Each structure stands twice: as structure tokens, then as C-alpha cells.
Amino acid sequence: MELSSVLPFIGVSMLLTLSPGPDNLFVVAQSVSYGRRAGLATALGLCTGITVHTLAAGLGLSAILYQSNLAFQIVKYAGAIYLLYLAWQALREGPLTAQKALRLSLPALFRRGIFMNVLNPKVSLFFLALLPQFVSPHQGSPALQMIELGLIFMAQAILLFSLLALFAGSVGQKLVGKPRVALWINRAKAGIFSFIAIRLALLEK
């Protein structure tokens, strides 16, 4: 791909990644609650989910999701239910301690990130709309170009989400030893998950 196409795409991708949204909130919530490593695992999970959406866009599967109202509704409600489940778990945790934070394994947080991303049909439609704008008909297979662009998007997202996770995790470490503050962190986390779930459930194409 030509550098003249890649550089603008990277710029747009970074602006979109840094803009406030469900993924950023999710990384911050997990990082503050469970620490920097947990935040990094969550960020890697979210970015792994990006590869699924990239392949779906490149292979035309996202177009099927867009055209099928039933498929769209199934995916979005599955995502909303999963987020409400996480909100319920956050409320059940009670005051968070360092010992409790260690109980949730990094693979589990990685999987949370994947599910959070894959079960959001808006991401598929976003890639379906964004990637073709940077595809050149003279640079080979459009599907292959879309996949390459998706991988570039994933790379910059990993970098930016990781920096966010490190910052939020550092803040969380100072708060996790204070039971009263930690209890409110869990309640705030449950509220964030519920808010994202409601937004997802109300999402229209």
C-alpha cells in the first residue's frame, strides 16, 4: 500500500481510538479495578476482537450483518446481556482488595476484551464504512488491503490502549487499598458496564 494512503489512515485511526467510547471506558474500568497488567490483558483482548471485525469486513461478512436485521439484533443483544452480566459481577465483588484483584486471571480478562469487542455489531459496521475509503483499486485485492488496514488499526489501538491501561492501572493501585473508595470503584464499574449495555441495546443500524 502507498504511504500517502497509510499515513492519513493512521491519523484518522488514532483520533478515533482516543475519542471517548465504550472500549476506552472498558479498559479504564478494568485497569483501575485490577491493575496495569489486567488493563493490558483487556486491551489486547479488545484489539484481538478487531481482527475478527477486519476479517469480516474484508470477506464481506459485515455486509451480511448490515443487511440482516435479525443477525444484527442477535449480536447486539448478546453483547448487552454479556455487559449486564459483568455489571452484576462487579456489584457482587464488594470492596476490592489486592488479593481479590489477583483472583481474576489475565486470560479471563483477555477473553472479556474479545467478547466486549466481537459482540458489538457497531464495530463491524464501523470497519465496513471506514476501511473501503482507504482502499486503492490500483493496489491489488481490495479484501487484502482492507485486512492490512485493519491490522494497522489494531497496532495503533494496542499502543494507545496500553498507555491508557498503564495510566489507569497506576491510579487504581493507589486506591485499591482503601476499602470505601474501592467499593465505590466497583459500583462505578457496574454503572459503566450497564451504561454501555443500554447504549448497545438501543443501537440502530
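**Close-up 1. Serine S33 in helix α2 of the predicted model.** S33 lies within helix α2, which spans residues 22-34, and at a relative accessibility of 2% this serine counts as buried, because buried is taken to mean under 20%. The side chain of S33 reaches the backbone oxygen of A29, with a separation of 3.1 Å.

**Close-up 2. The packing of helix α3 against helix α7.** Helix α3, residues 36-59, packs with helix α7, residues 106-118, at an angle of about 40°, and the axes of α3 and α7 are 7 Å apart. The crossing of these two helices, α3 and α7, is right-handed. On the α3 side the contact is made by R37, A38, A41, T42, L44, G45, L46, T48, G49, I50, V52 and H53, which meet L106, L109, F110, G113, I114, M116, N117 and V118 of α7. Sorted by residue class, the contact of α3 with α7 is made up of 12 nonpolar residues, seven polar residues and one charged residue.

**Close-up 3. The largest nonpolar core.** This core holds 34 residues, and those that touch the most other members are F9, F26, I50, L83, F127, L131 and F161. Two or more residues are given to the core by each of α2, α3, α5 (69-93), α8 (121-130), α9 (142-175) and α10 (179-201), and among these elements α9 gives the most, with seven residues. In soluble globular proteins, nonpolar side chains tend to be buried together.

**Close-up 4. The surroundings of F9.** Once neighbours within four places in sequence are left aside, F9 is in contact with L130, L131, F134, L149, I152 and F153.

**Close-up 5. Glutamine Q156 in helix α9.** Q156 has its place in helix α9, and with a relative accessible area of 8% this glutamine is buried, since the value is under 20%. Not counting residues up to four places away in sequence, Q156 touches S13, M14 and T17.

**Close-up 6. Serine S141 in the loop between α8 and α9.** S141 is found in the loop that lies between α8 and α9, and at 38% relative accessibility S141 counts as partly exposed, because this value falls between the limits of 20% and 50%. From C-alpha to C-alpha, S141 and G58 are 9.8 Å apart in space, while 83 residues separate S141 from G58 in sequence.

Note on methods
Residues numbered from 1 in each chain as written. Predicted model: local features only at pLDDT ≥ 70, side-chain atom pairs only at ≥ 80, totals over all residues. Heavy atoms only, no water. Helix = DSSP H or I, 4+ residues; strand = E, 2+ residues; numbered from the N terminus. Buried < 20%, exposed > 50% of the residue type's maximum accessible area, 1.4 Å probe, protein only. Polar contact = N/O pair within 3.5 Å; in protein donor to acceptor, adjacent residues only side chain to side chain. Axes fitted to C-alpha atoms, helices over the stretch in contact; angles between N-to-C directions. Left-handed = near helix turned anticlockwise from the far one by under 90°. Contact = heavy atoms within 4.5 Å. Nonpolar A, V, L, I, M, F, W, Y, C, P; charged D, E, K, R; others polar. Core = buried A, V, L, I, M, F, W, Y, C linked by side-chain atoms within 4.5 Å.
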